Every structure is written in structure tokens, then in C-alpha cells.
Amino acid sequence: MRERVLLALWLAVTAAFAVAAPHFASLENLQDLARASCENLLLALGALTVLRARAIDLSCGATLALSALGFGAVNHVGLGWPCAALAAILCGAICGLGNGLLVVVLRLPPLVATLATLATWRGLAEGATGGYRVFSSFPDGVLALAHGGALGIPSPVFVVVPVALLLHVVLSRAALGQELAAIGLAPGAARHAGVQVGRRLCTAFVIAGALAGTAGLLQAVRLGQAKADMGLGAELVAITVAVLGGASLHGGRGSVPGTLLALACLATWQNGVRLVGMPSEVAGIGVGTALLLTIAIDRDAAHTAAPSSAGTLRMSNRQLAVLVLAILAAGLLVFLGLGRVADALRTGSLAAPESRPRKHVTVAMLPKNKSDPYFTSCRQGAEEAAKELGIDLLWDGPSDTDAGKQNELVDAWIARGVDVIAASVENKDALSTVLLKARTKGIRVLTWDADARPEARDFLVNQATAVGIGETLADEAARLLGETGRYAIVTASLTAENQNSWIAALKARMASAHPKCTLAQIRPSDGMRDKAFAETKNILGADPDVRVVVALASAAVPGAAEAVKQLGLAGKVQVIGLSVPSLCRAYVHEGVIPSITLWNTIDLGYLTVHAAAQLANGALKRGATTLGAGRLGTVAIDGDQVLLGKPFLFTKQNIDLFGF
Amino acid sequence: MKMRREVALVALVALVGAIVACVAPGFFAPAHLRGLLLDRLPILVGALGMTCVIASGQIDVAVGAELALLSALLGTLAKLGLPFVVTIPLTLLAGVALGALHAGLIAVLRAPALLVTLATLGIVREGLRLHFGGTWILDLPGDFPWFGLGQERGGTLCLAAGAALALLFAGILAVTRTGRSWLAVGGDPHVAGLLGVRVHSARTTAFLALGFAMGCAALLHATRFPTIETEVGLGYELEVIACVVVGGANPNGGRASITGTCAGWLLFAVLGSMLVFLHVDPAWEKAVAGLALVLGVAADTLFAAREVHRA
């Protein structure tokens, strides 16, 4: 029943987007969609397996990361990729076994056990890599295999389909599947009927772990790297898909085809929303609403029909009719609504959408994290330039720093056929592969803020070099310390590449020019004000002789400054770093922050869009030495880098002149 | 007998504290301890409410999003120039309304709380992102931080409020009919129903209590800063739930205590800050915290098993 509903829903969504988004139905987009969905499918199948036995696995995202690192590490040692692939799957299975043992032997509730292992596995992954170490340079053969395919079908599908088929047979036909359902429906009765509850439950966790391990393997080869922060939050997606597909938290229900269709609906919806150019928040809200609706439908189904057998539900004809009508109506609404919205976005007005031909240049801009105030202010400038030049600007990015999500967005833009993609790159190796693909499709590629591999883009809009930033900060810190004393660093996350390169440059400058300044601690803030606040308090408590705190994220500087202020150390401890004037203005005037270093972020967005427009119309070519950029006048180009200018020091004297 | 687990946790905190005292005596500076407790107060207050919900066999994984929503609401209202006499009741009311919404959805849909709150978590977070686009609420009135009382008095007021809330929730859970009904419904809804406990109303009041607690948490959290970060509370739900389950609550309901939750909260508060004082590499921090969680909950099972054997 559920499968049929989902199939209808999927067809409706697909049909709607096929009409509303012109590039949706291309073979290429469907290939990308399939490729990117494989990992989530594996995780969702794992969630389905444990949910059937009335358990839950919150640790699958962390297992994915640990397994990917296992693959990277074994590959790094030089044991060859088949060995590494086995290691990844084995690593996942071991994590699953750990979960199973906690649940079965220690009799922990699965929610608690896997909550604990979620933190533990992720912690191990971070600890083992120091948070920043990235395993990459996988053999070319593997990468080609991962990005290739046969008969127009992407290669990961060849891995996932047999796995899904096997699991389907196991869950629906084999004794294990029936026993898991029995455990889920009535553990006591299952035990009395002779089911070895503990062992079967453990097996379910091992299966889920191995599936997550396989997902880690696939993600590592797809992105070309293995990193400790992969699969963050993937557990929620997996559980959502499994439940949409018919699994119940009360156990005993759910099927592989249902899960597959649910993922198809979800992935199609997210992809379609991207292709029509709506912000990804809309997709997120849609998924939440879909989850609630599914639960509601479940309730109606459960009301009238008792479960006829494990795993299936019956509905009355009337309910079926209502449901089908609702889906058709929803499909129609989506079709009408999105078509209009898409046209409106394309032409800039809701009037007469079909009569206007599309002439505008479309520039897609990708920030690392669109919730970060730094990028929000870049967006202001980008929109200003887009308006001035009359071009269409698409602005979207992850709401956390996730390399995988950046890849998916770029894939969607390639399918949509934008003119220029301008990316601030979170993970070099991961994003470069898709950017290269965009270039082969004739899309011009710019990077801004953080660079990709040079061959993956035409130009870099460079706000300041890592060495420039590191040295400016080091010199400023040393000046405030009077050349002797201790300083501490509050960085963004330990995995952030930009921050790590600044720290390296800062340390190098300190060692060479200011040898008497010593570093007390480096603490992560994850780019959150509250965490920077708490960490700064901890640092100043633990190392009371620290006199300067260098904060390297726009939210971290006001957080650190507030900590200094509340500790009553204003005047004794000073905070400097990279941030946006609006967040720091009050502290600068109070003297807690003597200066913040930054380029004009609005200008960075503005310049990027100008460079993108000229790249699209051919005015900006290799070998150019200058670029006319609207109100910025003429900007210098050095090789393949468009230079914004030197980093700027905002102080008490000048900060009020800047309105961002 | 019943307090064994809390005693064990407090002993663990004391042990951890003793280690720190030897290695880094600066940890026990009164100013640092006070600051530490103040920083972790929103987690405690959220955990108090979560204890009620978990006691009644439910869960709410959307508390982080609720914290962000309520903080943003408080900031928006304050920016309109409304005084605290108006904004405090409105924030608390909004918190209770969120609790009522969850309870209502769960009752109407007859769905597991985990799923319903998973759905609202997504909707609220993405909605906030759509509305604020990641920008903060700046330029709040000058008397916004610390309720306009200044850091010293305001901080003391916050700590007092936290303690009062802990006592209030402990009282409700331990002696009132409502509190006992949460535990009864969490233990076995069917039997509780047969004994005359109104199952739905017990679950609803538990969510209302959590909503009220979240309102308080948002007030205590947001007023520590002169600006409001609209992405606040990422991972807050995990911290809150961890405090409650390490404190000995059964995540399936029926067993929970406020003293246990407070002890669990204290353990995580000390642990998080202590690692900085011990100069532990931040990359290993999550692993240490995860391991502490595993040990904490495993100890629970071992204790429980022994108690069953004796009984």
C-alpha cells in the first residue's frame, strides 16, 4: 500500500518538476541524482533493518565517517584499494557490532546506546585525524570507477542495487527478516517462540553498520577524500527516509521497495527545488511537512485496518481514493506553483511568464555556509552587483560546512545550465571534480574566498592571501603583546582549511619575527558565537597569562570579546581576529577589540559578480591584467587571480564608516 | 537505595574535580566556576523540562530549534522596544505554546514523539534560516543584557532562577499528582490508564512543562549577550538528552529524577571545561565525552542489574 502511494507521489513530483524545471528531465541530472542518492539509500536501508526490530541507530553518520577514514588510512598505507574497501566495510560492521553489544549485553535502550556511540565514533574519527587531516590522492582507477558507469547508469548504482535486492530477500523471505519483524512486533512473544532475540538484534546492528561502512566507502570515492566531518546529520535523513518508506518506530514494519521509493521522492524533491532556483530551506520545510503528513496518513490507515501481516497495511477504497486525489491535487499545485515561481525567478516578475525569452546571464554563487554572517554580508554585495548589471543571481549553500552538499548544489546548477558558477570552496579535492565537470560542459567557473585546484576554475577572486592574513594577525598580536607574552587562538572548526592555512602562516610569522610570543592553546568554536564565548572563558581560566586572543571566525570574535568583557578583563586581555564590523562595532568602541582584520566582504561579493559577468560575456580572459568593476573602479589581476586588495584593519577610528 | 546512581555520579564529579584540583587549581577560582555554571544554565533548564518529557515516555529532539526560535522571538520583541514585563511572559507563553503544539500533534497523529519532533525540528530550523538568512539580531536596547540589572546582579538572579526552577521541577516530579502521572504513564501507559491516570493529559502536561522550561532557557540564554545569534542551539538537544539519561532516566519512560539530571548536568559541565584546563587536544574531546556517556549509561545498567538481583 505504502509503496503504491509513494510511487504515485514520486511520479507526481517528477512530472511536476519535469515541466517546471527545464533541465530536470535530462539524463545527466537523473544520473547525478542517482549517484548522490546511493549513500543515503544505504544508510536508510540500515535504519530500516534496525527499525524493523524496534531498535534505532543514531550513529550511522559517524560510522560512515569512521569507515571512510578507514578506507583512506588503509589506502594511504599502500595496501591497495580492494583491501581498503574491505577495511571500510569491516570498520562499519565493527561499529555496528559495538552498538549491538551495548544494546544486547548491557541492555541499553538503542536510542541511548547509539547516542553515546554517535559521539564516540565521531570523536574517534576527529581524534585520529586531529580533525584536520584529510586522506585523499586515491588511485586514479578508483576515482574513474566511482565517477564512471556503464550503459548510462552511474557505477555506485551497481553496488547499491544488488545490496538492496539481497536485503529485500533477507527481510521479506529469509528467516532473519521474519524474526526481526517478530522481535519488533512483540519481543516477549518472539523470545517464547524460540527466536534468539539478542543475536538477531546484534545481527541487525552489524548489517546496519556494514551498510553505513559501504556508504562511507562510496562517499569517500565520490568526493575523492576522507575526512572526519563526513556524514554529519546523516542519521536524521536516514531515519526520515526509512519512516517515510513505511518503517515504524514501533518495529515490525517497513520494506526495501518502500524505502527506495521514499528516498526517490525525497531526492527528487530536493533536486527539483534546487533546479527551479528556490532556496534549499524550502526543500527542508517540505521534507518536515511530508514527514508529518506521512504520519497522519499512517494514523488513518491504522485506524481502519489492523495489520494483516507483518509489514503490510490495508486501506479502505474510500481512503485510497482520498489519498490519490490529494496526491494528484498536490502534484497539480506543485506544477502550477513551481512553474510560475520558476518563471518569476527567471524573468524577475510574475507577469506574463511565458512571453519573455531568457536572455539574462545567470550566475550561481556558492558560499561555504550561508548562515555565516561573513557570507551574508558577501551576499549583499553580490546582489548589489547583480542588480546593477541586470543578471540573475542564484545564491545557495549548505547551512553547515559540508563538502558533500556543496557538490550536490553544483551538480544541480550544471543540470540547470547556469552561465557561471562562483564557488567558495570548503573542500578542495571534493569540489574540484564537479567544478571540472562544469567546465567541460562549457560553464565558466570562478572561485572566490577559498580556492579550488587551479585547473578546476578560470579565475580566483582573491580577497587576501593566507600568508597576508596570517602575517597581519601575527604582527598585530605581537604589537599588542609588546613583543613578549602568550596568546591563544579560537579557530572555526578544526577541519576548516582556510583557518588552518592562516594558523600555519601566523605561527610561521611568529616564529621568525616575534620569537618571544608563545601560543598557549588553539580551541575550536565551530563558527558559533556561544561556543567561542565558552571556550575563551576556559582558555583565560586555564591560562591566565594569555594577553591576546586571536579569533578566526566572524562569529567567534564577538563571542571571545564578550567573554573577556564579562570576565572583567577588558584592558588586560585583547581580542583581535577576522570578523565583520557590524558584529564587533560595540566592542571596538569599548576597547575590548583594538582591531579586526578583514577585507571589505561586501566588495568581495560585488567584485565576484562583476568578474563572473565579464567572464560570461568574454570580456575577462586569461592574460588580462585589469578588470573594470563598477564602483570599485579598476581592479588588478595577477595571473589567474583577481585581487580585491590588501586586508584592511578596522579600528575605533574608521569602523563607523562601514555599514556592514 | 534509590539514590545510589546520583551518589555514584556525584562521586564521579568529585573524582574528576580532585584530578583537576591537583593539575589545574585555577579551575576552582570562584569567578570561573560561577561563569561555568551560568554558561551551562540553559542546558540545565532544558534538561529539567526534558526530564519530565522523558519520564512520561516521550522525547523532544527539537529543543535546539525551539531555543533558537524563542531567542529570536525574544530579540525581535525587545527590538520593538517592549519592556521585559511584556517580553518575558510572551516568551514563556510561546514556549508553552510550542509544547502544546507538540503534544497536540502527537496526540492527534498518534505518532512517536521522536518522529513528530524530528519533523518540527526541520521545519523550525529551516524556517528560521529562511526568515533571517543567517543574520543576527543586532542593536538590541541597552538594558537587554542581564535583564538590565548589570552582569553581577543579573548573573546572580539567573543562577537563583536556575536553582529555583530545579527545585520547582524536582517538587513537581516527586510529589505532585501531575508529576507522578508522568512517571506512571511512562512506565506503562496501559496500566496507568486502567488505574485512572489520564494518559493524554499526562503527556500533554509533560510537554507543557518542557515548553515552559524552554521559555526560561531562552530567557537565560539570550540575555547573556547584547546580540542574538539566530543559529543558536545546534546540538543542544543531544547535550540536554545526554544529561537526562546519564542522570539515570530510562529513555523509554517511567524512571527519572531531577537530582539525577542535575548530577548528569554537573558531570558534563565539569568535563567539558576541565579538558581545556588539562590541555587535552581538542580533537579528542568528543571521543572523551562520548566515552563518558557510554560509561555513564553502562554504569546505570550495571547498577540496575545488581539492584534487581538483590530484590
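Because the model is predicted, local features need pLDDT of at least 70 and side-chain atom pairs count only at pLDDT 80 or more, whereas totals for chains, interfaces and linings use all residues. Residues are numbered from 1 along each chain as its sequence is written, chains are lettered from A and ligands numbered from 1 in the order in which they are written, and side-chain values use heavy atoms, with hydrogens and water left out.

Chain A contains 23 helices and 16 strands, these being DSSP runs numbered from the N terminus (H or I of at least four residues for helices, E of at least two for strands). Of the 660 residues in chain A, 59% are buried, where buried denotes a relative accessible area under 20%, exposed one over 50%, and partly exposed the range in between, with a 1.4 Å probe and protein chains only. Among the contacts in chain A with a separation of 6 or more, 75% join residues 24 or more positions apart, a contact being defined by heavy atoms within 4.5 Å.

The interface draws 72 residues from chain A and 63 residues from chain B. About 5700 Å² is buried between the two chains, 71% of it on carbon and sulfur atoms, where buried area is the accessible area (1.4 Å probe) that two parts lose on being put together, summed over both. Of the area that chain A buries against chain B, 11% is supplied by L292(A), R529(A) and Q566(A), more than by any other three residues.

Across this interface the rule finds 15 residue pairs in polar contact, both residues at pLDDT 80 or more; a polar contact is a pair of N or O atoms within 3.5 Å, of which, within protein, one must be able to donate a hydrogen and the other to accept it, and residues adjacent in sequence count only if both atoms are side-chain atoms. The elements of chain A that each supply at least two residues of the side touching chain B include α13 (280-304), α20 (529-542) and β9 (517-524), while the largest share, 13 residues, comes from α5(A). The residues on this side of chain A comprise 38 nonpolar, 20 polar and 14 charged, with Ala, Val, Leu, Ile, Met, Phe, Trp, Tyr, Cys and Pro taken as nonpolar, Asp, Glu, Lys and Arg as charged, and the others, Gly among them, as polar.

Three salt bridges are also found across the interface, the criterion being a side-chain nitrogen of Lys or Arg within 4 Å of a carboxyl oxygen of Asp or Glu. A salt bridge joins the side chains of K537(A) and D39(B), at 3.2 Å from N to O.

In helix α12 (residues 256-275) of chain A, T268(A) is buried at a relative accessible area of 3%, and its contacts beyond four places in sequence include W10(A), F17(A) and L33(A).
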